[in-house]
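User: Could you take a close look at a single part of this one for me? I'd like a connected walk through it and whatever it packs against.

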Amino acid sequence: MGDAAIIDGKAFAEDLRARIADLAARFEETAGRKAGLAVVLVGEDPASQVYVRNKGRQTVACGMESFEHKLPAETSEADLLALVERLNSDPAVDGILVQLPLPAHINEQKVIATINPDKDVDGFHVVNVGRLATGLPGFVPCTPLGCVMLLKDRLGSLSGLDAVVIGRSNIVGKPMAQLLTAESCTVTIAHSRTKNLPEVVRRADIVVAAVGRPEMVKGDWIKPGATVIDVGINRVPSAEEGKSKLVGDVDFASASEVAGAITPVPGGVGPMTIAVLLRNTIVAAHRNAG
Ligand code: GUN
């Protein structure tokens, strides 16, 4: 292993959750009820089931109410939309999260468009996407916001830095680029069609990898001293027969020889997502109650 500092997202997320628990206690005192997060899971995707269980536990541990709605995979779009409408008008529910991906027969955009933007703690509704693009207050997707928190904790001001975001998804790549632009970075969005990707990445003071390709970004793509944020969570076979392990989109062994700082997988960006979700929920509670 090289000299890179390891960015401890797990510890940062624990700290953030402790601060959220204080805010949740204060909310309960003034509002006379707990802040509430509703999570909707359709179907039995194993990864989604794990996330939803963790979300529920951490919501309760922070002193908030968790409402879990687990629906069978064959749930109709109409029934799901009706549930979202009910949650929109339920005063005990401050935040609504519909776990993605949804089964193929359900139109995801239609479901997201039905969520009240002021309860859209995922920041996926076009109103919140537009608010972020315009610089208006709204909800920002949890994973990219968590990445920016880690970057600012590490680097202080990001102003003037060259940032390369690899990946252009609605959940991570695009909002990440918006947030870094708002922090006055010079932002490049790279993706599967980008020419000379290693060369593009080598220009970056900040690299954010969110492509879902195990260990794609190599150490010789990294500018010495750069800060590397690895959003990838890829399950791959491990050396041990019949076992698997989690790796990021960055080849940690070679990248940590060159980078100034790097997030590990697991224990880097991953734990930040739920912590930021809880942050968004307590913000929603205060806004909706006040
Ligand atoms: N699936 C993977 N990540 C997410 C997320 O942040 N929010 C939702 N709703 N679904 C996801």
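Analyst: Let's go with helix 7, where Gly173, Pro175, Met176, Ala177, Gln178, Leu179 and Leu180 are buried (20 or more other C-beta atoms within 10 Å of a residue's own, with C-beta atoms placed from the backbone). Before going on: this is a predicted model, so local features need pLDDT of at least 70, side-chain atom pairs count only at pLDDT 80 or more, and totals for chains, interfaces and linings use all residues. Residues are numbered from 1 along each chain as its sequence is written.

Helix 7 covers residues 173-182, and seven of its ten residues are buried, so it is largely enclosed by the rest of the structure. Helices (H or I, at least four residues) and strands (E, at least two) are DSSP runs, numbered from the N terminus. What do the buried residues of helix 7 pack against? Their partners are helix 5 (126-134), helix 6 (142-155), strand 5 (162-166), strand 6 (186-190) and strand 7 (206-209); contact here puts C-beta atoms, placed from the backbone, within 7 Å. Just past the end of helix 7, Ser184 has a positive phi of about 65 degrees.

Definitions and conventions. A residue is buried if 20 or more other C-beta atoms lie within 10 Å of its own, exposed if 12 or fewer, and partly exposed in between; C-beta atoms are placed from the backbone. Two residues are in contact if their C-beta atoms, placed from the backbone, lie within 7 Å.
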